[in-house]
Amino acid sequence: VPKDYFDAEAGTASVALARYKAKKFPRKGSVFLNPGGPGGPGSRLPITTGSALAKVIGEDWDLIGFDPRGIGSTMPPTRCFSSQITNTVLFANTVIEQGITVSSISDLSSPLLYDQLVEQHRQFLAVKEAHAHLCGEMMGNELKYMGTATVVRDIDFMSRVIEGEDEKINYWGISYGSILGAYLVNMLPHRIGYAVIDGIVNPVSWSNEPSHKWPINWISDAEKTYQIFLQDCSKAGPSSCPLCEYKDEPWQNLERRFEEFFDAIALNPIPVPFGNRPGVLTSGGARGLLVKSLQRPLEWPKVAKSFSSAMAGNGTALYNAIVRPLPLADIDSPEPHISPRLAVTCLDSPRPPSPDEFPTAEDLTEQGLKALREVSLHFGLSTGVSEPDGGCQYWPVDGPERFTGPWNATLETKMLIVSNTVRASLITPKSSGLLVNSLMPDSSVIIIQDGPGHCSIFLPSLCTAKLQRGYFAGEIPKNGTVCPVDLATFPDEESDKHIQMLSTEDRELLKALRDLEAMF
C-alpha cells in the first residue's frame with residue numbers, strides 16, 4: 001500500500017493480512033475485521049477465530065483480518081527500543097506499569113493525597129517524555145503513518161484490490177475497532193456496505209480532545225459495573241466468590257473490604273518474590289487491575305479468587321496479571337502494546353500548540369481528583385493499567401492526515417451499533433453508542449445488550465449474535481432493541497439449566513461466542 005496517500009515519494013508499506021474463506025455459496029464478499037486496541041493485530045482473527053466469527057457474521061462471507069499500521073507483522077513496525085529488555089526496563093516499577101496509587105478515597109481534599117498524586121504524575125510525565133524521545137530516535141518520520149485515518153485509506157486500498165473497484169467495504173470491529181469503524185464510515189460513506197461496531201469508544205472525544213482527557217468519559221459507568229460485580233459475588237456465595245463471607249452478604253461489606261485492602265497496601269505494598277519477576281504489588285496496580293477485570297464478566301470468578309488470595313497476603317496472581325516477565329532473549333518480535341498504541345493515539349488526538357500549554361503534573365492531578373469526585377470514586381484514576389494513554393505532547397511527529405469529523409455521514413445501508421449495556425460498561429459506556437447513533441440518526445441503528453462488559457462478546461448473548469448475523473444477511477434490526485445475556489457472571493445450577501434447555505443450534509452458537517471471548 002502507499003505509505004503516504006498524499007505523497008507518492010514516501011514509498012510503500014506492507015500490510016499483513018489473513019483470510020477465512022466463505023463456506024457457503026454464493027459468496028457475498030469480504031468483511032474486514034479489527035480486534036481493538038489500538039495495538040491488536042487483526043491478522044490472527046481469521047486463523048484463530050474464523051469459524052467462530054463466521055457463526056456471528058455469516059458463513060457466506062470471506063473474513064479478512066489485517067494488522068493496522070505499525071502493529072503486528074505489518075511493515076514498518078513500531079520499534080521504539082533497541083531491545084525487548086530495554087523496553088521492559090523503562091516502564092518497570094513505574095506508574096505506567098503499576099498505575100497511580102490513591103492512598104485513600106476517604107478524604108479527597110487531603111493535602112497529603114494531593115502532593116502524592118503530583119509526585120506520581122511527575123514520574124508519569126518524565127517516563128512519557130523519555131518514551132517519546134526513544135520512539136523519535138529509533139523511527140524518525142516512519143512514525144508519521146500509524147494514525148487511524150491512514151488505516152482507513154488502507155482498508156479502501158485493500159478492498160479495491162481484493163474485491164474490485166466497485167464493491168462496497170464491509171466491516172466488523174470492537175472496542176478501538178469502533179473508532180476505526182466510525183472513521184471509516186464518515187471518511188468514506190460512499191464506499192460502505194455493511195458495518196458493525198461493538199463496544200463503542202467516543203469518536204468525538206478521541207479525535208478532538210488530548211488523550212490524557214479521555215478516561216473521564218470511559219469510566220462513566222464504572223461504579224455501576226463495580227456494584228454489579230459485588231452484588232453478583234454476594235449472590236453466588238463464598239463457594240464461587242471467596243470475597244464474601246456468606247451467601248447474600250450485603251455487597252457494601254465487600255466494598256468496604258476492598259477499600260481496606262487498597263488503603264493497607266498503599267502504605268505497605270505486598271512483596272512478590274516469585275512472580276513473573278521479583279517485585280511488589282502496589283495499591284495502584286491492584287485497583288487498576290480490578291477496573292480492567294470488570295470489563296470481562298466471565299473472568300469474575302477467577303478475579304475474585306486472585307483478590308481473595310491477595311487479601312490473605314499472597315499477591316502473586318494479581319502481580320503476574322500486571323507485570324511482564326523480563327525477556328530471556330531479544331527475539332525479533334513486535335513490541336508490547338504501549339508503543340504501538342501511542343503510535344496511533346498520539347496521531348489521532350490533538351496536541352498543545354506550544355510547550356507552555358503542555359499539561360503539568362498539577363493539571364493531571366486536578367483532572368484525576370475531578371474524575372474521582374464527580375464520575376467514579378473508586379476508579380477515577382485507575383484506567384492507566386489497561387489504557388496507558390497520555391503524554392502525546394512529547395510525540396515527535398504529526399501524521400499526514402488527522403480526521404476530526406464531521407460524524408454525521410449518510411450511508412446507503414445503516415450501520416449497526418452494538419453497545420453494552422443498559423446497566424453498565426467500562427471504557428465503552430452506553431452513552432458513547434447513543435452518541436454515535438444520535439449523530440447518524442438516519443444511517444445507524446443501535447442494539448443494547450443488557451449486561452456488563454467491555455463489548456458484547458465478553459458476556460455472550462444469543463440475541464445480539466443473531467441480530468448481527470441477520471444484519472449481514474440484509475435484515476436491519478429495530479433501533480433500540482434490547483438483548484438479554486445468556487451466561488451468568490458466577491455460574492450456578494440455574495444458569496447451567498438454562499444452557500441445557502437451549503436447542504443444539506443455539507448451544508453451538510453460544511460455544512462459538514465463548515470461544516471468541518476467550519480469544520480476545
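**Before you click**

This is a predicted model, where local features need pLDDT of at least 70 and side-chain atom pairs count only at pLDDT 80 or more, while totals for chains, interfaces and linings use all residues. Residues are numbered from 1 along each chain as its sequence is written, and side-chain values use heavy atoms, with hydrogens and water left out.

**Stop 1: strand β3**

Select residues 61-66, which make up strand β3. Strands here are DSSP runs of E with at least two residues, helices are runs of H or I with at least four, and both are numbered from the N terminus. Are the residues of β3 buried or exposed? Six of its six residues are buried, where buried means under 20% relative accessible area, exposed over 50%, and partly exposed in between (1.4 Å probe, protein chains only).

Now show the side chains. In a regular strand they alternate between the two faces of the sheet. Here Trp61, Leu63 and Gly65 point one way, and Asp62, Ile64 and Phe66 point the other way.

Strand β1 (residues 17-20) runs antiparallel to β3 and is joined to it by four bridges; look for Tyr20 opposite Leu63. Strand β2 (residues 29-34) runs parallel to β3, with five bridges, and there Gly29 stands opposite Trp61.

While you're here, pick Asp62 along with Arg19, Arg27 and Glu163: these four are linked in a network of salt bridges. A salt bridge is a side-chain nitrogen of Lys or Arg within 4 Å of a carboxyl oxygen of Asp or Glu.

**Stop 2: Asn141**

Jump to Asn141, in the loop between α4 (111-139) and α5 (148-163). Asn141 is exposed, at a relative accessible area of 52%.

**Stop 3**

The whole structure has 25 salt bridges.

- Select Glu245 and Arg257, whose side chains meet at 3.6 Å, N to O. Glu245 sits in the loop between α9 (222-236) and α10 (251-267) and Arg257 in helix α10, so the pair ties together parts that are 12 residues apart in sequence. Glu245 is exposed at 57% relative accessibility, whereas Arg257 is buried at 16%.
- Select Asp398 and Arg351, which meet at 2.7 Å, N to O. Asp398 is in the loop between α15 (361-374) and β8 (415-420) and Arg351 in the loop between α14 (338-348) and α15, so this pair ties together parts that are 47 residues apart in sequence. Arg351 is partly exposed at 26%.
- Select Lys466 and Asp506, whose closest N and O atoms are 2.9 Å apart. This pair links distant parts of the chain, with Lys466 in helix α17 (residues 462-472) and Asp506 in helix α19 (residues 504-519), 40 residues apart. Lys466 is partly exposed at 35%, but Asp506 is buried at 14%.

**Stop 4: a negative patch**

Finish with a surface view. Which residues form the negative surface patch? Pick Asp492, Glu493, Glu494 and Asp496. Patch members have over 30% relative accessible area and no salt bridge, with like charges joined within 9 Å. Asp496 lies in helix α18 (residues 493-500) and is partly exposed, with a relative accessible area of 42%.

Notes. Patches are made of residues with over 30% relative accessible area and no salt bridge: like charges are joined within 9 Å, nonpolar side chains (Val, Leu, Ile, Met, Phe, Trp, Tyr) within 5 Å. Accessible areas come from the Shrake-Rupley method with a 1.4 Å probe; for residues, only the protein chains shown count as cover. Lys and Arg count as positive and Asp and Glu as negative; His and the chain ends are not counted. The place of a charge is taken as NZ of Lys, CZ of Arg, CG of Asp or CD of Glu. Two strands pair if DSSP finds at least two bridges between them.
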